[in-house]
Structure formats: C-alpha cells, structure tokens
Amino acid sequence: MIKSSFSSLLISFIVSPIIVLWDFPYMVSSVSPRQFNRLELPSGIYGPETLVFDCNGNGPYTGVSDGRILRWHGSKAGWKNFAVTSPLRTSRLCDGVSDPKLEHVCGRPLGLKFNKESCDLYIADAYFGLLVVGRKGGLARQLASSAEGIPFLFANALDIDQKTGTIYFTDTSTRYQRWEFGMAMESGDNTGRLMKYDPKTKKVKVLLKNLFFANGVALSKNGSFLLVTETTANRVLRFWLRSKTNDVFAKLDGCPDNIERNPNGEFWVAQNPKLDSLGTPLQTNISAVKLDDEGKVLQVLNQEFGSLSDVVEKDDKMWLGSVLESYAGMIL
C-alpha cells in the first residue's frame, strides 16, 4: 500500500499506544502489562512495511518509503542504510523524500525475507520485482520482473522454503501499480497473482491467478501449503503445493495485510479496518489475529498505535510493521 489521501483518513482515528491481548475461547480482554516501544525512522520517511531478521538474528531490517532498506542497530545507533533496489536511485534525489511519484525511480521495497543458509536477503519491490542482495547489502540484483509475459506492476510480499530455496511471492495487481493502490481496492480488482521462483532454473511459475489484492504470503511449517491474503476479499486462501488445489483458510473481519508464521507453526495476520468509498474506517477494534494451522483464531492482538501491516513473533517479543507510520513497534 501507500500513503495517500485515500489512506491518510485512516490516521484520524489513531490514538495512544495501548496493547490488549485476547485469548480464545474465554475472550478475556485486559490491558497488557508488556512494554511498547517505538523504533523511530529517520526524518522524512515512513512505512516500515515488513520486518525481518538475518541469519544471525540481527535486525530488524525493513523497507521504507524513500526506497531504502534499513537495519536497526539498537537504540543508540538507530537505523542504518543496508540496501537499495533501484539502479536509478541517487541519495540526493531520494533520501528522506517520500513522494509516490518518485517510487518508480527510487524503488519501494515491501516484502523481505532472508535465506537462513546463505544469509542473502530476498526482496519484493513494488516496481522492480523480485531481487536479492548479499549479506553486506548494497544494490540488489534483479531476479525476475515478469511471469507468463506479464510484467509485475505491484510485487508485494514473499516467503522462502528454507529447505529448497524456492521463493513464493505475490503481485498484487496486473492493472494497477502501487501508487494506485486506492483505485485497485475501490474497483474490486482481482488480477493478483501468487507465484514461485525456482533459484535452480531461474524461472517463475504462476500458482494462482485472479486474486483480490494479493498481499501477504506464508509457507506452512511442514511445507505442505501456502497461505496468501486477499486484502479486499477479507480472507486468507490456502494453496496445497502437492495437489495444486486451493480453499479458503480463514474469513476475517478486517482487511488482511502481511501474514507471518511463528516458530510454533501458527500464523499472525495483520489487519486494518474496512473503508468506505471516501476512505473512512467502517470498523473499530480491528487488528492482528493469530491463527492455528487449520485457520482457527487463537489470539487477537488489539493495538492502537497506528495502522498495522506486519506482526513478527520472535524471542518473546512482538515486532510490528506499518505502511503508514514513521516508526516500527516492539512489544517486550
């Protein structure tokens, strides 16, 4: 997604940071005693869409609105440059400039995931497709920019099979680019795709077509299925890798964004409220949900620090990403 007049109205109902955990089936709602921290981004940028950690557990790393991929070095050093996705990008033109009209030049990295064996970072950039960069960072190398002769207009999220190195990723639309995300949502566009990239053959294969705003993707713990979120259909689809069939994994109250598997094989799905044609939220108390491997809700994380695009559970901490905010969140 992207910060625009369509989405900026979402900010109007944001209030102070409060974290509430609801555990099913008892629906116990209480203010969590856990501490919430903001990891403020450098001035002028926003949108830490996805948060990931490298093969040594360092990070998080995130892509931001001016096209850079940043790494968190702790509270004293803060965020430092790690990589970029666009060969056209210059620091003078792009650094600290969050202009959607420059995204096709500066890049807009969204989905990130490390290969745990090589420590290479794989990237889904909305304009430059699927890329990879080594552990030292720098300019990423493009791996794929189209599938079946159709260029990627809105490469969004990805996951990696750590056993085979296969990359699974989404292209949100074949009609609209990222800066047009509002039109893609309002029009009910269903041209999204779920794909896989084979690092051995260097070829892309389309697994699913006709998806409604294809967004997050996650591989199951045993590698038998993929989950993909359809933001405007308010659901999560399951794609069985062996049979090549799919079904509805979960129907959600809100609009799902990224989906992340935790160490236990459960899935955190970030959600935001449904909006009317003017961009006004139609719901309250919509946030992330944790699903088991059958799609049943186990827990709800009700946070009010802002819009939510990613939830990562790691080492007893919760890391929160946002496509709109100027900070990432961490719950201790």
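Student: How much space lies in the largest cavity?

Tutor: A cavity is found on a 1 Å grid over the protein atoms alone, as a set of points where a 1.4 Å probe fits but cannot get out. Grid points are joined across faces, edges and corners, and a volume is the space filled by probe spheres set on the points. Here the largest cavity holds about 60 Å³ of space, and the count comes to 1 cavity of 30 Å³ or more. This is a predicted model, in which local features need pLDDT of at least 70, side-chain atom pairs count only at pLDDT 80 or more, and totals for chains, interfaces and linings use all residues. Residues are numbered from 1 along each chain as its sequence is written, and side-chain values use heavy atoms, with hydrogens and water left out.

Student: Which residues line the largest cavity?

Tutor: Lining residues have an atom within 4 Å of a point. In this model they are Thr50, Gly111, Leu112, Lys113, Ala157, Leu158, Gly216, Val217, Asn258, Ile259 and Glu260. Strands are DSSP runs of E with at least two residues, helices are runs of H or I with at least four, and both are numbered from the N terminus. At least two lining residues come from each of β7, β14 (155–160), β18 (214–219) and β22 (255–261).

Student: How does the lining divide into nonpolar, polar and charged residues?

Tutor: Ala, Val, Leu, Ile, Met, Phe, Trp, Tyr, Cys and Pro count as nonpolar, Asp, Glu, Lys and Arg as charged, and the others, Gly among them, as polar. The lining has 5 nonpolar, 4 polar and 2 charged residues.

Student: What does the link of Cys55 and Cys119 tie together?

Tutor: The sulfur atoms of Cys55 and Cys119 are 2.1 Å apart, and the link is left-handed, with -100° about the S-S bond. Cys55 lies in the loop between β3 (36–40) and β4 (61–63) and Cys119 in the loop between β7 (109–114) and β8 (121–125), so the pair ties together parts 64 residues apart in sequence. For accessibility, buried means under 20% relative accessible area, exposed over 50%, and partly exposed in between (1.4 Å probe, protein chains only). Cys55 is partly exposed at 28%, whereas Cys119 is buried at 3%.

Student: Where do Cys94 and Cys106 lie?

Tutor: A disulfide joins Cys94 to Cys106, S to S 2.0 Å. Cys94 is in helix α2 (residues 91–94) and Cys106 in helix α3 (residues 103–106), so this pair ties together parts 12 residues apart in sequence. Cys94 is buried at 0% relative accessibility, and Cys106 is buried at 3%.

Student: How many aromatic pairs are there?

Tutor: Rings of Phe, Tyr and Trp (its six-membered ring) pair if their centres lie within 6.5 Å; planes under 30 degrees apart count as stacked, over 60 as edge-to-face and the rest as tilted. The structure has 10 such pairs. One of them is Phe53 with Trp319, edge-to-face at 5.2 Å centre to centre and 70° between the planes. Phe53 is in the loop between β3 and β4 and Trp319 in strand β27 (residues 317–321), 266 residues apart.

Student: Which charged end sits over the ring of Phe53?

Tutor: A charge sits over a ring if NZ of Lys or CZ of Arg is within 6 Å of the ring centre and within 35 degrees of the ring normal. For Phe53 the residue is Lys314, 4.8 Å from the ring centre.

Technical notes. A disulfide is a pair of cysteine sulfur atoms within 2.5 Å. On a 1 Å grid over the protein atoms alone, a cavity is a set of points where a 1.4 Å probe fits but cannot get out, and a pocket is an open set with protein on both sides within 12 Å along at least five of seven lines; lining residues have an atom within 4 Å of a point.
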